[in-house]
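User: I'm new to this structure and would like to learn how to read its features. Could you walk me through a few?

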Amino acid sequence: MVPEIEWRYNMRRHMQEVYPGLYLGPLSAVCEAKLPELETAGITHVLCVRSDVEASVMRPKFPQLFTYMEVEMTESTPLSSVLPQSLAFISSCREGEGRCLVQGFSGACRSAAIAVAFIMFDMHIPAVEAVQKVAAHRFCLTITPELLEQLRQYDAEVTSAQRARP
């Protein structure tokens, strides 16, 4: 398991490992100055969560170094519309012994919701518990009430699907 950290304000500009092989961070986590940090962490994949407005600044900067997936998501995008491909990308990365950075503009809301959903899916735990696990490593979370409600709905879907399996 990933050890909890003592949070400092300036850490919001860096990525944190929130689950084994899963990192969460802001736009500034993937830049020339942070390449040594990315390499030290062993990042192989970057899931870039952005709105169309952010696309000009949030784009694959190092396609020769990392496998990228870009997800268009605004505050009004239903989480369920981006989860299947996002969770599949993270899962395939981790299955291949890779490490995935989920990058958002601030790394605190939309991208954090995707990281939380992956942990819910992987650990079979409820939304609130998964949020707490992520917050223990990236204290600056600002998941909106709307996204939290969508995570709870996803929790209900995952739970009912698990019960339906023999």
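Predicted model: local features only at pLDDT ≥ 70, side-chain atom pairs only at ≥ 80, totals over all residues.

User: Is V116 buried or exposed?

Analyst: Buried means under 20% relative accessible area. V116 has a relative accessible area of 0%, so this residue counts as buried. V116 sits in helix α3, which covers residues 110-123.

User: Which residues does V116 touch, leaving aside those up to four places away in sequence?

Analyst: Its partners are A127, A130, V131, V134, I143 and L151.

User: How do the axes of α3 and helix α4 cross?

Analyst: The two axes come within 9 Å, crossing at roughly 120 degrees, and the crossing is right-handed. On the α3 side, V116, I119, M120 and M123 make the contact; on the α4 side, A127, A130, V131, K133 and V134 do. Sorted by class, that contact has eight nonpolar residues, one charged and no polar.

User: How many aromatic pairs are there in the whole structure?

Analyst: A pair of aromatic rings is described by the distance of the centres and the angle of the planes. The search finds four such pairs. Another pair, F118 and F121, is tilted, at 6.3 Å centre to centre and 50 degrees between the planes.

User: Where do F118 and F121 lie relative to each other in helix α3?

Analyst: They are three residues apart, which means about one helical turn separates them. F118 is buried at 1% relative accessible area, while F121 is partly exposed at 37%. Ring pairs also join Y19 with F118 and F121 in a cluster.

Methods
Residues numbered from 1 in each chain as written. Heavy atoms only, no water. Helix = DSSP H or I, 4+ residues; strand = E, 2+ residues; numbered from the N terminus. Buried < 20%, exposed > 50% of the residue type's maximum accessible area, 1.4 Å probe, protein only. Contact = heavy atoms within 4.5 Å. Axes fitted to C-alpha atoms, helices over the stretch in contact; angles between N-to-C directions. Left-handed = near helix turned anticlockwise from the far one by under 90°. Nonpolar A, V, L, I, M, F, W, Y, C, P; charged D, E, K, R; others polar. Phe/Tyr/Trp six-rings, centres within 6.5 Å; stacked < 30°, edge-to-face > 60°.
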